[in-house]
Structures are given as structure tokens and as C-alpha cells.
Amino acid sequence: MERTLSFLARESFASLLQHLQESGYHTVGPQVREGAIVFDTLDSVDQLPKGIHDQQAAGRYRLESSDSPRLFAWANGPQGIKPFLFTPRETLWRSQRDESGSLTFTAVEPEVKPTAIIGVRPCDIAALYLQDKHFLQQESLDPYYQKRRQQLLLIVVNCTHPAKTCFCASTGDGPQAGYGFDIALTELDDGFLLEAHNQRGHQLIEKLPVQPATEQQQQHAAQALSEAASQQTRQLPSQNLNHKLFANLKHSQWQDIAERCLSCGNCTAVCPSCFCHSEGELAALDGHSSEHHREWDSCFSPGHSHIHGITIRADTRTKYRQWLTHKLGSWHTQYGRSGCVGCGRCISWCPTGIDLTRELAIICGDNDE
Ligand code: SF4
Ligand code: SF4
């Protein structure tokens, strides 16, 4: 499809939201809640985080206000778009026992509306495609995830304000999106450059009060994205650490990390590609019905790796090592790439400021600390 860029003036931005709503979409977008930027139902562009910047560092996340008219001058919040597809907790089926003692099982199908998410980051698109690889495998397709995925329209905002914790340039997943969206926006001072990636995106842009983007606007956007990549100071030692990680399972740094790690699981909760979950039953007090649910789980939780009465990874050293060797190592074998998209959330939201880029540099031999 031919790459054409259009310009939507800042004062016309509401037309995008309005058109999506008139087309029947449930609209979702970023907004400030309790000191963080989260995605939630977006009824008006006034809810967007206008003039907000984020300051992120290891173990630190703060928002600051400014008089900038920009809506997307921040990097990311604690959640990507994962909760909209792989929900933190949901009921999968219910069982009912009748008076004769027979059991009936009923699937609980999610009610899904067409949903348009505005403000998705390129790293979160990459994480979405990783989750697709897991949940949409032909041999074990997840109908709950699939139903939501099929109803999604995605409006990406390329990153011109990366946080100090971001390293998507080194994983190849940002700061500009190259796939997986309907429309990509790049924010300029006076408006937005719009790029459609598919027919649906083209049809949507045609309905907006846009102009062809000028040469100068395109140069400003390209320069902002290039600067966003070069501002990133963190990086992974390599995009494929599979061999190096498994060659260093006995490295002393795993124990060093274990002495700082609280096993709280924050890192896995904020990671947009983590997909571990557990399942359980909730029996009604009358003893006649129960519901079977699944909820997010973590390789740091006490029940993780408990098999046939034995917990295989019982200590923090082996739990943390499992997290990194899977995400940065054996994902290559399982899904054809690393499971890390460089969003940096696990660095900001770790209460003790453990930074996987630093730990990996030590464990994989590029740093002799
Ligand atoms: S491992 Fe950390 S930086 Fe990588 S995708 Fe997960 S949260 Fe983001
Ligand atoms: S690495 Fe940090 S966020 Fe992850 S479990 Fe340990 S203390 Fe919690």
C-alpha cells in the first residue's frame, strides 16, 4: 500500500474521536488516574493527558504538568493494552448441579464491542503481536482473546518523548511503528501527521478534515523520531541472548539480584508480553454451583512451578532467572524472537529499581561489574 502522510490540525483532533464514536466504536485512550497514565474509556479529547510529561527512572515514575498543548508528550504508563485482550481476571465457565446431582457446564462468552484504542505505543503493538503468537496458536487457540482481538482498531502514536527507561530502539520495536496498526500518528506542535497502514485506516482518514502533509512537516516528524531513538541510553547487549543466558545459568549475578528482588511480581504485571495465568474454581455457598476463572499469574508467585507436590523454583534466584531466561532466551525458540519489546516498564515499576538491561549486561558478559 502506498505510503501517504496527511496532516490533521490540532484543533480538528476531536473529529477523529467523533468519527470513531459515530461509526459505533467503544473508544479508549490514555488519561491520568491516581498519578499515572492509564487506558480507559475515552468520551472526549478533553480527557487526554494534555501537557503531561512523565519522569521515569529505575524504581521511579512521576507525572509533571506543563502548558504544552501536546497530548502525547509522555512515554508510557504502567499498563499497555494487554488488559483489553488478556483480561486480568475472567470467568471461563460455570457449573451447576441439579437436584438429581447431574452437572451442567456453561461457557461464559465475553461480550465484546468493536473497540478503537487511541494512543497505543509502538512497543505495545510489538507486545500485542507476541501475545497473538501465544494466544492464537492454531493448536490451542484462545477464543476469549481471539474475540477481543478481532474487534480491535488501533491508532498508534509514534514516540517523540521516550522515557529514560525506554530501550525500544535496541529491540527494534520503536520509537516508530512499522506494522500492526490502522493509523499511526506523529504529534507536531500544531497537529498530527497521519499514516494509514490498511484499507480501514485509509477510509477513516478520508473522512477527516486533513491536508496532504508538507515536506517540512514530514521532515519535522522524521527528525523528532530520529532524536527519540538517539536519546535512548539503555539497550540490550544483543537482540538474541538465548545462547548467552543459558551458558550463564550459574553466574553469581543471579544471587546478587535475588538479594535485591522482593519477588513482588510487579515486573511481570506491567510487562505487556507476559501471559502467565492460573485457573481456579469459586464454589457458591449453596454448594450447587461454581465458576471457573483464570487470572494473571507470575513466575514470582508462591504457587509458580508447583508440580506434583514439589516447587521446582522455590527461591527468588531461580524465579528471577526463569523470568529472564524465558523472556530474553527461550522465547526465541518458542516464538521466533525475544519477548522483550524495550518498554522499560519493569525498570520503572520495580520497587527496588532492578534494571534488566544492567543485569543482562553483567550476566551476558558485556560488563565485568
Ligand atoms: S521485560 Fe521489561 S522492558 Fe521488556 S517488554 Fe517486559 S516490561 Fe517491557
Ligand atoms: S525484579 Fe523488582 S518488580 Fe520484579 S519481582 Fe523482583 S522486586 Fe518485584
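Predicted model: local features only at pLDDT ≥ 70, side-chain atom pairs only at ≥ 80, totals over all residues.
The chain contains 13 helices and 16 strands. Its C-alpha trace spans about 65 × 65 × 40 Å along the principal axes. A compact globule of 369 residues would have a radius of gyration near 21 Å, and the chain has 22 Å, so the two agree. Buried residues account for 37% of the 369 residues. Among contacts with a separation of 6 or more, 71% are between residues 24 or more positions apart.

Two domains are assigned: domain 1 covers 5-88 + 110-230, and domain 2 covers 242-276 + 300-363. Their C-alpha centres are 27 Å apart. The contact between them takes 28 residues from domain 1 and 22 residues from domain 2. On the side of domain 1 that touches domain 2, strand E5 (60-65), helix H3 and helix H5 (168-171) each supply at least two residues. H3 gives the most to this side, with eight residues. By class, this side of domain 1 has 12 nonpolar, 11 polar and five charged residues.

Val156 shows how parts of the chain meet here: leaving aside residues up to four places away in sequence, Val156 touches Val120, Pro122, Ile125, Ala177, Phe181, Ala184 and Leu185.

Around it are Cys261, Leu262, Ser263, Cys264, Gly265, Asn266 and Cys267, together with Phe300, Cys350, Pro351, Thr352 and Ile354. This shell has eight nonpolar and four polar residues, and no charged residues.

The last stop is Cys364, in the segment after helix H13 (356-363). Is Cys364 buried or exposed? A residue counts as buried if 20 or more other C-beta atoms lie within 10 Å of its own. Cys364 has 20 such atoms within 10 Å, so it is buried. Apart from residues up to four places away in sequence, Cys364 touches Pro237, Leu241, Lys244, Leu245 and Asn248. The C-alpha atoms of Cys364 and Phe246 are separated by 9.5 Å, although the two residues are 118 residues apart along the chain.

Conventions: Residues numbered from 1 in each chain as written. Chains lettered and ligands numbered in written order. Contact = placed C-beta atoms within 7 Å. Near = placed C-beta within 6 Å. Nonpolar A, V, L, I, M, F, W, Y, C, P; charged D, E, K, R; others polar. Helix = DSSP H or I, 4+ residues; strand = E, 2+ residues; numbered from the N terminus. Rg over C-alpha atoms; globule rule 2.2 N^0.38 Å. Buried ≥ 20, exposed ≤ 12 C-beta atoms within 10 Å, placed from the backbone. Domains from an automatic or database assignment.
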